[in-house]
Amino acid sequence: MLEDTFQHKGLRKKLIEEIRRKGIKDERVLNALMAVPRHWFLDSVFLQHAYQDKAFPIEEGQTISQPYTVAFQTELLQLQPNQSVLEIGTGSAYQACILAEMGVKVYTIEYNEILFKKARRMIDILRYDKKVQCFLGDGSQGLPRFAPYDAILVTAGAPAVPESLLFQLKIGGRLVIPVGDNKTQKMMRIIRKNEKQFTQEEFENFSFVPLLGKNGWQIK
Ligand code: SAH
């Protein structure tokens, strides 16, 4: 079932060239995208679309991010091998596997139990379990148990930057988070300069599913 044919690899190569043309420069990020067969993470009805640069539905009304978005966020994290990364919003686990291919230790947290279970199974089947640990819970509050992190990646749209995430960064650590309303969010990168000071940069607009939970959008 989990086959990766020459045809898949060829389509993936083309997709990566497209992402390179769109402005992603870090070869390590592009190599990680080549290493992970995206079609393994999609529902069967969308399989033939796996190598289009588009987001697709997974279960529970959620989406697997567009490959360009995955590349953009991963590049902003400026990862070095053996660093530790917290991902908030495991979803299909595709992004978590990309991070693992960057040579980092990944902690990923998902709010939805069905997606959490499916993602954890996927991580085991693909043998990423030494590099990726899956957690079930409200990631809008981070995951203090394994903090501080070299990088924190939020893959759902937040109404504001949760302060609790800032203080789970190491000095020099990077938080990449889309912030905005329920339609579009601006990609932001916040770097912890020292105990109390942070710098903030803004990048282009994206469209993510909402970050829920205590520091996210409240469901009424
Ligand atoms: N990174 C994923 C895409 C995630 S879509 C991938 O590679 O496939 C966003 C995910 O964030 C959804 O699965 C959603 O259930 C989850 N989510 C939303 N609010 C959350 C929260 N407070 N904590 C953890 N996960 C959350």
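This report walks through the sheet and the ligand site of a predicted model.

## Ground rules

Because the model is predicted, local features need pLDDT of at least 70 and side-chain atom pairs count only at pLDDT 80 or more, while totals for chains, interfaces and linings use all residues. Residues are numbered from 1 along each chain as its sequence is written, and side-chain values use heavy atoms, with hydrogens and water left out.

## The sheet

Seven strands, ordered E5-E4-E3-E6-E7-E8-E9, make up an open sheet with mixed pairing. Strands here are DSSP E runs of at least two residues, helices are H or I runs of at least four, both numbered from the N terminus, and two strands pair if DSSP finds at least two bridges between them. E5 (132-136) and E9 (198-206) sit at the edges with a single partner strand each, so one side of each has no neighbour in the sheet.

Strands E3 (residues 84-88) and E4 (residues 105-110) run parallel, joined by 5 bridges; Leu-86 has Tyr-107 as its bridge partner in E4.

## The ligand site

There are 25 residues around the ligand, and Ser-92, Glu-110, Asp-138, Gly-139 and Leu-212 come nearest (a residue is near if one of its heavy atoms lies within 4 Å).

Now the polar contacts (pairs of N or O atoms within 3.5 Å; within protein, one must be able to donate a hydrogen and the other to accept it, and residues adjacent in sequence count only if both atoms are side-chain atoms). The side chain of Glu-87 puts an N or O atom 2.9 Å from a ligand nitrogen.
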